[in-house]
Amino acid sequence: MIESMIDLLTRVVLIMEDGGSGKVVVLVDMDCFYVQVEKRLHPELKDKPCAIVQYNKWQGGSIIAVDYEARKYGVKRSLKGKEAKEKCPGIHLVQVPEKRRKADLSNYRKASGEVMKVLSGFTSVIERASIDEAFLDLTEPVKDYINSNSFDSLEFHADLKSTHVAGCNDDDDTHKDDCDLRISRGDWFKSSCSSDERVLIVAAILVQRIRETILNEVGFTCSAGISHNKMLAKLAAGMHKPNQQTILPQSQVDVVFSTTLLKKVRHLGGKLGEQVQDKLKIECVGQLQEYSLKVLQEKFGLKTGSWLYELCRGICHEKISNRIITKSIGCGKNFPGPSKLKTAKAVKYWLEQLSRELVERLEEDMTENTRQAQSITVHFLPEGQASSVARTFALPSYNTSLIVNNSWNAINKGHKPVTNEESHLTWTTGILNIHLSAGKFVQCGKGHMKSLLQLMSSDQECSFVSASSSHSSIITGKEVTQMTLCKEEREDAVLTTTPTITEQDQSLETSSMNITKFFTPIKRKGSLETQLDRNAKRREVVLEEIKGTLESDDDTIIDNQFEAVLCSECGEEVLKFVLEEHMDYHFALSLDKDSQIN
DNA sequence: AACTCGGTCACT
DNA sequence: GAGTGACCG
């Protein structure tokens with residue numbers, strides 16, 4: 001009786017101390033990720049100011065990533081390469097690889113996968129939040145760590161030099177020492193820390209271990225935020241970068257929020273944040289505490305109101321989903337201003353390029369994740385319209401022509417040509433953007449991969465599916481009886497297929513496995529690729545491409561492809577296996593000429 | 001004559 | 001379920 005009361009009281013205190021979450025949540029954020037990926041590939045760039053640009057013909061290209069050396073000079077995302085050179089003359093601008101005349105981000109996606117794989121060795125709950133960020137739920141690993149260690153043996157002298165505690169003003173030298181000493185000596189356990197801080201400091205020891213492992217196994221540094229929910233973890237991660245980590249305990253929320261700008265909080269960086277700022281005439285998150293729940297709900301709606309009310313007190317109920325692969329795979333391209341697509345020929349050309357990239361990525365995805373996309377959405381932005389239009393159609397098989405034709409029908413439908421000059425149409429208005437996105441993945445049933453691969457590679461007639469046709473016909477189709485819907489979709493499934501155990505289910509490790517990982521980090525086979533491995537892989541990729549082009553496995557034909565021929569257009573010597581791409585280039589040039597004439 | 005090219009989620 | 005739009009970097 002007494003014991004259960006004490007237990008209850010303890011739980012109440014715990015709830016008060018951690019804002020009611022009862023959880024340990026971490027955000028791992030790779031430092032200027034694209035730059036690190038390129039520097040791993042080109043080690044000579046290490047220690048030099050660097051930025052990554054997409055394309056470079058116009059104003060030196062658009063910057064999409066900047067390292068910390070170059071940031072000192074004021075170089076930032078969305079500047080042009082040219083502007084970066086002006087601010088930082090010594091900067092090295094690395095171009096994103098191009099394939100089929102468009103930016104190709106697959107190097108970065110693959111590197112992201114390497115990181116996610118390392119993370120999955122430490123906890124069973126991971127949410128890939130973007131290509132370079134993941135949330136981890138370390139609640140169980142922290143518990144396990146504490147339970148299986150007497151605190152005498154715990155690493156009181158753990159190297160936590162790169163760990164900060166938010167709210168202790170680290171820029172102020174007097175306070176800085178206090179924070180660092182408390183952690184490095186381990187005094188925290190004996191006295192001054194609340195229980196929530198203690199839990200977070202144990203988490204910090206684990207996160208330090210995770211970050212070291214990422215560095216050792218895949219060669220990237222990252223920063224991390226350690227707190228009780230996603231909002232606080234994300235905020236904390238941004239406080240000390242690069243290659244550092246920050247604890248944000250519930251006890252420091254008020255101090256931190258008194259100076260944290262509204263727009264720095266996740267989801268408040270856009271229009272909503274502006275609205276809140278304007279309607280309430282406030283600048284910092286903490287000031288939201290002065291408003292009652294009722295007032296906030298009146299001004300911003302029931303849901304957003306209560307979200308804001310809790311948010312400014314450090315409370316956030318956003319769930320951490322357990323997913324390290326994406327729910328959709330897409331690719332797109334802008335055709336701004338003069339490069340807008342004005343003819344059917346041009347639109348079809350780019351649909352072909354985008355479809356080829358998409359199918360290539362979907363096929364890799366099927367091999368890696370044993371799942372198949374069931375639908376495609378084509379987004380396009382007609383000139384003069386404020387926003388893009390989206391049309392969805394079924395994807396019964398990974399077939400480029402099917403995607404091109406259905407997309408073309410969708411785009412052409414509300415977009416009537418005004419003239420018809422010889423073989424190509426001219427529109428009054430152009431297309432400024434096209435994006436293709438595949439989704440609605442279903443898991444492939446085990447033991448049926450072979451038949452699926454055959455289905456995929458078989459040279460079947462392109463079966464047209466009108467934009468309006470329901471995808472239920474696919475769901476009732478034969479091939480789907482061999483699959484189960486993806487994990488997250490299963491609850492909604494009306495299908496009566498036999499449930500199979502998915503890869504995802506199997507990858508879920510028990511917490512007892514996690515603890516093993518923390519004590520004796522296991523070197524994962526294959527997680528650290530050698531340069532040799534990478535080269536071998538690249539050769540494979542090239543060979544696969546050639547095979548794909550030829551639709552043949554004959555090695556002698558492949559050998560012939562390394563012969564050079566003279567291009568009829570420009571007279572240059574071109575290897576046979578890149579001839580198709582080379583002719584694509586001339587075709588693209590001719591499209592450009594067309595658009596200048598029109 | 002241009003903040004790309006990805007992604008996720010909420011609302012209707 | 002489809003389409004639009006907000007938000008992130």
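In this predicted model, DNA strand B is surrounded by 25 residues, and the closest are Gln54, Tyr55, Ser78, Lys102 and Asn334. Elsewhere, helices α6 and α9 pack at an angle of about 100 degrees.

**Surface near DNA strand B**
- The surface near DNA strand B consists of 8 nonpolar, 8 polar and 9 charged residues.
- Strand β12, covering residues 329-334, gives the most to this surface, with 6 residues.

**Side chains at phosphate oxygens of DNA strand B**
- For Arg109, a polar side-chain atom lies 2.8 Å from a phosphate oxygen of DNA strand B.
- Arg361 likewise places a polar side-chain atom 2.8 Å from a phosphate oxygen of DNA strand B.

**Packing of α6 and α9**
- Helix α6 spans residues 139-147 and helix α9 spans residues 195-218, and their axes are 10 Å apart.
- Angles of 65 to 115 degrees count as roughly perpendicular, so α6 and α9 are roughly perpendicular to each other.
- On the α6 side, the contact is made by Pro141, Val142, Tyr145 and Ile146.
- On the α9 side, Val199, Val202, Ala203, Ile205, Leu206 and Arg209 make the contact.
- By class, the residues of this contact are 9 nonpolar and 1 charged, with no polar residues.

Key:
Residues numbered from 1 in each chain as written. Chains lettered and ligands numbered in written order. Predicted model: local features only at pLDDT ≥ 70, side-chain atom pairs only at ≥ 80, totals over all residues. Heavy atoms only, no water. Axes fitted to C-alpha atoms, helices over the stretch in contact; angles between N-to-C directions. Helix = DSSP H or I, 4+ residues; strand = E, 2+ residues; numbered from the N terminus. Parallel < 35°, antiparallel > 145°, perpendicular 65-115°, else oblique. Contact = heavy atoms within 4.5 Å. Nonpolar A, V, L, I, M, F, W, Y, C, P; charged D, E, K, R; others polar. Near = heavy atom within 4 Å. Polar contact = N/O pair within 3.5 Å; in protein donor to acceptor, adjacent residues only side chain to side chain.
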